[in-house]
Amino acid sequence: MREHLVHIDGERRPSASGRTLEATDPYTGEVLGTIPDCDAADVADAIAAARAAFDGGWRTTPGIERARLLHVLADAIDAHAEEIGAIETRDNGKLLTETVGQARFAARNYRFFAGYADKLYGRTIPLDRPGMLDYTLREPVGVAALITAWNSPMQLLANKLAPALAAGCTVVVKPSEHASLSTLRLAELVDEVGFPPGVVNVVTGAAECGRALSGSTAVDTVSFTGSVGTGAAIAQTCAANHVPVTLELGGKSPNIVFEDADVDRALAGALAGIFSAGGQTCIAGSRILVQDSVHDELVERLARRASRIRLGDPRDPGTQMGPVANEPQRDRILGAIEAGRSSGARDLSAEQPAADLPDKGLFVRPTVFADVDNSSPLAREEIFGPVASVIRFRDEAEAIALANDSEFGLASGIWTTDLSRAHRVAARLVAGTVWVNTYRASAAQAPFGGVRRSGHGRERGEEALDEYLRVKNVMVDLSADYHDSFEETGAGDE
Ligand code: NAD
């Protein structure tokens with residue numbers, strides 16, 4: 001059993017207290033090793049190392065050098081994608097094909113942001129005052145605290161780490177206690193490819209560690225991916241500390257199938273939207289809105305296909321759905337299914353021949369509820385598991401109203417062959433992402449994030465850089481004489 005260590009200032013070490021947590025494989029139940037259970041003392045050391053690295057040179061390292069390091073890191077991730085995927089699959093039970101794919105996707109993120117590292121241009125701004133030069137500088141904010149969830153550690157981290165490093169920030173990373181191992185492996189690669197000590201520090205632990213990091217007044221920005229409740233608590237602390245925060249939280253995303261859709265394609269998209277990764281994705285299309293005339297056919301096929309999803313070893317390429325990542329999550333999902341059954345919604349999966357569950361692992365059967373009331377918990381609360389709630393609608397106006405009647409606003413899908421309708425509805429949906437005739441597609445270049453309780457701020461795309469840069473305005477009097485702004489305008493600046 002391996003004793004994993006955290007990375008602070010280029011060194012590997014246990015937690016200051018010596019406490020550890022166990023990392024377990026949700027398929028085999030095997031204990032994979034231990035991770036340090038860090039507390040405020042470790043976090044303070046990591047922040048101090050990040051601050052020293054920032055002030056000591058990373059902030060002024062030429063962008064082209066930061067770009068080079070990001071490119072070699074991307075190469076190293078690509079070269080180790082199979083290994084990283086295997087580590088992650090053992091840690092969180094996600095399909096190996098998906099974790100390897102996510103490692104490669106993460107590498108693309110580092111490459112994409114590498115391209116920006118030496119192109120962080122400001123603007124020159126023509127003023128209505130003669131003899132004055134005005135320009136902006138875009139400067140790194142400083143030390144960034146990056147906290148991630150367990151479902152996609154490499155990808156979630158790349159969304160934050162790549163723009164942060166490109167911007168010239170140094171970081172302290174805290175992955176989820178339920179899946180820290182791939183992040184610790186990444187920290188080794190960061191050291192191996194030559195990032196200066198202290199630029200990337202990784203601490204591990206649970207809520208106590210996360211609270212110490214996000215609640216520190218010594219960090220300059222916090223970027224958090226996780227649940228709505230934790231996000232709200234972090235936002236409150238950050239507000240009190242006047243520290244900016246980016247929140248990537250949950251969702252209850254509508255996947256809308258119109259009667260003019262290519263129904264086969266919509267069916268495949270609806271299935272993948274909710275059952276990929278066992279529904280343990282923030283973007284899960286967990287509310288499937290279906291128009292009257294295609295409703296019964298689609299729902300019946302959806303339930304049949306869901307019942308045939310092959311559950312099993314996440315390392316087996318024939319497996320379509322692995323186990324749920326951890327026990328508390330499995331229990332929460334089963335509780336939501338029970339509550340759904342007694343809410344009046346129809347559990348179509350119960351009407352299908354039940355496939356045997358694998359004899360080990362934390363499995364939950366893919367479940368499809370029909371006749372779901374959009375005001376019921378099945379339609380309002382994020383389950384983060386393989387549970388689809390199907391809701392019927394009459395026309396476009398009702399589809400939009402139902403889709404937007406949610407506290408969340410992360411993602412959404414539209415299935416239609418009517419081009420005008422696609423753009424019309426896309427413009428009306430309250431969501432950070434709209435997919436048309438596809439679902440779950442993502443790209444390093446395309447901004448991602450939520451509105452309402454799904455969070456705020458953007459990751460990926462050029463917009464992500466803004467979370468790690470601040471704008472400084474420089475105003476220069478070019479005239480030979482001093483201009484007194486009081487005399488000229490009668491008012492100074494605020
Ligand atoms: P979580 O909120 O329990 O934990 C997330 C991280 O925060 C972990 O690292 C955890 O240790 C840490 N943490 C816990 N309590 C903390 C506290 N009080 N202060 C600071 N840090 C704390 O979430 P989870 O169960 O790991 O992840 C599932 C959630 O993440 C779901 O709601 C899902 O929708 C969301 N998620 C969102 C996105 C997105 O990009 N929008 C992506 C993936 C997951």
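This is a predicted model: local features need pLDDT of at least 70, side-chain atom pairs count only at pLDDT 80 or more; totals for chains, interfaces and linings use all residues.
As a quick reminder, strands of a sheet pair through backbone hydrogen bonds, and the sense can be parallel or antiparallel.

How do β1 and β5 run? They are parallel, with two bridges joining β1 to β5, which spans residues 31–36. If you'd like to find the spot on screen, look for E3, whose bridge partner in β5 is T34.

Now over to β10, residues 221–225. How many of its five residues are buried? Five of the five, so by the cut-off of under 20% relative accessible area this strand counts as mostly covered. That holds for both faces: T221, S223 and T225 are buried on one side, and V222 and F224 are buried on the other.

And what does β10 pair with? One partner is β7, residues 143–147, in the parallel sense over four bridges. There you can see A144 standing opposite T221 of β10. Another partner is β11, residues 245–248, and this pairing is parallel too, again over four bridges. Here F224 has L247 in β11 as its bridge partner. To get from β10 to β11, the chain passes through helix α8, residues 228–241, in a right-handed β-α-β crossover.

How values were computed. Residues are numbered from 1 along each chain as its sequence is written. Side-chain values use heavy atoms; hydrogens and water are left out. Two strands pair if DSSP finds at least two bridges between them. Buried means under 20% relative accessible area, exposed over 50%, partly exposed in between (1.4 Å probe, protein chains only). A crossover is right-handed if, with the strands pointing away from the viewer, the path from the first strand over the helix to the second runs clockwise.
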